[in-house]
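Keep the model open as you read.

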Amino acid sequence: MAQPVQEAPTVLIVEDERRIADILRMSLCRAGFAAEVAVAGGEAVALMRACRPALVILDVMLPQMDGFAVAEAMRAHSDVPILMLTAKGAEEDKLRGFEVGADDYLTKPFSMAELLARVRALLRRRPLAPAGEAVPVLRAGDIEIEPQSRAARKAGQPVDLSLREFDLLLYLMSRPGQLISRERLLTDVWGYEYFGDSARTVDVTVWRLRNKIEDNPREPVYILSRRGVGYFFRPQE
Ligand code: CA
């Protein structure tokens, strides 16, 4: 496996269908990325360690170890952004993908333009504060987050949040009481324009976040919603 000569971010493609893997690899290389292909889950996990990708594109349908198992194995030791590819209409696959730590998903067949837009958005992590500059810790009730170290705690216990979950919580928590539309959350937190069912991405991420930080996710007290409009963090007392 050759290392890229330049500092082009490496994308690891995990897809057993050679034709799709080749198209992805060529498109990513043309767009300025380095790309590695794994055709099976075990190989993908091994390549993760070897090529330290900036992002993983992971197909759900793989022989032996499926995409969910691969995502779980990767999440055990990495917070690399994971974009999952799911079959058309398989809603439960998307939910399960988020559960095992995927940051985004795309339904097959997808347009290469949309795939590249999502890859770029996932890689566009907001820069952390410069070293040495104190970033205030945000607190509300028993929730506490440290923007600099990207740590979150509930009642003093660490909460394991994905990249997007943390970004979403930080965004909402920094604006208590402000109702934010899903479209604006997509633009500001995910970094992409509204596409078809992408509002669902926001809902699912909120759902996962509530499961991690609310005492009762069905009766949230931190992340509140106005049906059909958007979300807001509970207003300051
Ligand atoms: Ca496949």
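Leu-12 has Glu-36, in strand β2, as its bridge partner. This is a predicted model, where local features need pLDDT of at least 70, side-chain atom pairs count only at pLDDT 80 or more, and totals for chains, interfaces and linings use all residues. Residues are numbered from 1 along each chain as its sequence is written, and side-chain values use heavy atoms, without hydrogens and water.

Strands β1 (residues 10-14) and β2 run parallel, joined by five bridges; DSSP must find at least two for strands to pair. Strands (E, at least two residues) and helices (H or I, at least four) are DSSP runs, numbered from the N terminus. β2 spans residues 34-38, and five of its five residues are buried (under 20% relative accessible area, 1.4 Å probe, protein chains only). Ala-34, Glu-36 and Ala-38 cover one side, Ala-35 and Val-37 the other.

Now the largest pocket. A pocket is an open set of points on a 1 Å grid over the protein atoms alone, where a 1.4 Å probe fits, with protein on both sides within 12 Å along at least five of seven lines; lining residues have an atom within 4 Å of a point. Domain 1 (10-124) and domain 2 (138-233) both contribute to the lining, so the largest pocket lies between them. Those bounds come from an automatic or database domain assignment. Its lining has 20 residues, with Asp-79, Asp-160, Leu-161, Ser-162 and Leu-163 nearest the centre. Helix α6 (163-173) gives the most, three residues.

The second largest pocket draws its largest share, three residues, from strand β6 (residues 138-140). Its lining also includes Met-173, Pro-176 and Phe-233.

Notes. Buried means under 20% relative accessible area, exposed over 50%, partly exposed in between (1.4 Å probe, protein chains only).
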